[in-house]
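Reader: Hi! Could you walk me through some of the helix packing here?
Author: Happy to, let's have a look together.

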Amino acid sequence: MTRKQAREEAFILIFEKQINGESTEDILELAKEVREIEPDEYTVNTFVGVFDKIETIDSLISENLKGWSIKRLSKAVLAILRLAIYEMRYIEEIPVSVSINEAVELAKKYSGKEDSSFVNGLLGTLAKANA
């Protein structure tokens, strides 16, 4: 599995957990059974890591929303932002620019053009603040 594929699987798992609220362990087991995938180390570590750091990640999202609340974001955009911010803050071997670009690509695929611009802007703001 390529890193791009693993990232997309992590996004799907994050999205699924947001929707049904099951434990990370149950979500992983269900994915293995239903979709017959065997998540790689990156996928599992990132998926679990996002929810281990969820308060910090959501705080960063909320602090950078201008005139919006986190509850107004679509579940897809929220999952994409959570994944990208986790990568940007906690996975040193992935360049920030790669995390942002991949998040934008996920937004284009799973959301819409306006959402991809929004994701790019919010993550770019975070990247500049942490540079």
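Author: One term before we start: contact means heavy atoms within 4.5 Å. Also, this is a predicted model.

Reader: Good to know. What covers the buried residues of α1?
Author: The cover includes α2 (24-34), α3 (41-52), α5 and α6 (96-110).

Reader: And which residues of α1 are buried?
Author: They are A6, R7, E8, E9, A10, F11, I12, L13, I14, K17 and Q18.

Reader: How far does α1 reach, end to end?
Author: Helix α1 spans residues 3-20, 18 residues in total, and reaches 26 Å from its first C-alpha to its last. That is close to the 26 Å expected at 1.5 Å a residue.

Reader: What follows α1?
Author: G21 does, and its phi is positive, near 70 degrees.

Reader: Let's switch to α5. Is α5 mostly covered or mostly uncovered?
Author: Mostly covered, with 13 of its 16 residues buried.

Reader: How do the axes of α5 and α7 sit relative to each other?
Author: The axes of α5 (residues 75-90) and α7 (residues 113-129) come within 11 Å and cross at roughly 30 degrees. Angles under 35 degrees count as roughly parallel, so α5 is roughly parallel to α7.

Reader: Is that crossing left-handed or right-handed?
Author: The crossing of α5 and α7 is right-handed.

Reader: Nice. Which residues meet there?
Author: From α5, V77, I80, L81, A84, I85 and M88 meet D115, F118, V119, L122, L123, L126 and A127 of α7. By type, the residues of this contact divide into 12 nonpolar, no polar and one charged.

Terms used: Residues are numbered from 1 along each chain as its sequence is written. This is a predicted model: local features need pLDDT of at least 70, side-chain atom pairs count only at pLDDT 80 or more; totals for chains, interfaces and linings use all residues. Side-chain values use heavy atoms; hydrogens and water are left out. Axes are lines fitted to C-alpha atoms, for helices over the stretch in contact, and angles run from 0 to 180 degrees between N-to-C directions. Helices (H or I, at least four residues) and strands (E, at least two) are DSSP runs, numbered from the N terminus. Angles under 35 degrees count as roughly parallel, over 145 as roughly antiparallel, 65 to 115 as roughly perpendicular and the rest as oblique. A crossing is left-handed if the near helix is turned anticlockwise from the far one by less than a right angle, and right-handed if clockwise. Ala, Val, Leu, Ile, Met, Phe, Trp, Tyr, Cys and Pro count as nonpolar, Asp, Glu, Lys and Arg as charged, and the others, Gly among them, as polar. Buried means under 20% relative accessible area, exposed over 50%, partly exposed in between (1.4 Å probe, protein chains only). The expected span of a helix is 1.5 Å times one less than its number of residues.
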